[in-house]
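Here is a short tour of one protein model, written to be read with the structure open beside it. Have a look around first, and then follow along.

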Amino acid sequence: MKHTEMITVIQAHSEGKGIEVSLKSADHWEISNDPIWDFSRCKYRVKPSPKYKTITPASYLQQSG
């Protein structure tokens, strides 16, 4: 990670946003309530926001056939 990315993640944590952590050798992300900030072994990111899709009655009927 670049310094600016580290700062962004730590600042987001200080603002109360969720942080996820993964070992550098893996692609599995876990929520970290109290990160240890070991940037040599781990990678960190701000927990992504859930993505919602607006469904209207018409769009639902079109998708279900």
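W37 is partly exposed, because its relative accessible area of 24% falls between the 20% and 50% cut-offs. Keep in mind that this is a predicted model. You will find W37 in the loop that runs between β2 (30–31) and β3 (42–46). Its backbone deserves a glance too: phi of W37 is near 55°, a positive value in a residue other than glycine. Most residues other than glycine have a negative phi.

A positive phi also turns up just after α1, where G16 sits at about 90°. The two residues, side by side:

| Residue | Phi |
|---|---|
| W37 | near 55° |
| G16 | about 90° |

Now to helix α1 itself, which covers residues 3–14. Its 12 residues reach 16 Å from the first C-alpha to the last, close to the 16 Å expected at 1.5 Å a residue. Which residues of α1 are buried? They are M6, V9 and A12. These residues lie on the same side of α1, because they cover an arc of only 135° around the axis. The buried residues of α1 pack against β1 (19–23) and β3. On the face turned away from that buried side, α1 carries the exposed residues H3, T4, I7 and S14.

Finally, turn to the surface. I55, Y60 and L61 form a nonpolar patch there, with about 350 Å² of accessible area together. Of these, I55 is placed in the loop between β3 and α2 (57–64). I55 counts as exposed, because its relative accessibility is 53% and the cut-off is over 50%.

How values were computed. Residues are numbered from 1 along each chain as its sequence is written. This is a predicted model: local features need pLDDT of at least 70, side-chain atom pairs count only at pLDDT 80 or more; totals for chains, interfaces and linings use all residues. Side-chain values use heavy atoms; hydrogens and water are left out. Helices (H or I, at least four residues) and strands (E, at least two) are DSSP runs, numbered from the N terminus. Buried means under 20% relative accessible area, exposed over 50%, partly exposed in between (1.4 Å probe, protein chains only). The expected span of a helix is 1.5 Å times one less than its number of residues. The arc is that of the directions from the helix axis to the C-beta atoms. Contact means heavy atoms within 4.5 Å. Patches are made of residues with over 30% relative accessible area and no salt bridge: like charges are joined within 9 Å, nonpolar side chains (Val, Leu, Ile, Met, Phe, Trp, Tyr) within 5 Å. Accessible areas come from the Shrake-Rupley method with a 1.4 Å probe; for residues, only the protein chains shown count as cover. A salt bridge is a side-chain nitrogen of Lys or Arg within 4 Å of a carboxyl oxygen of Asp or Glu.
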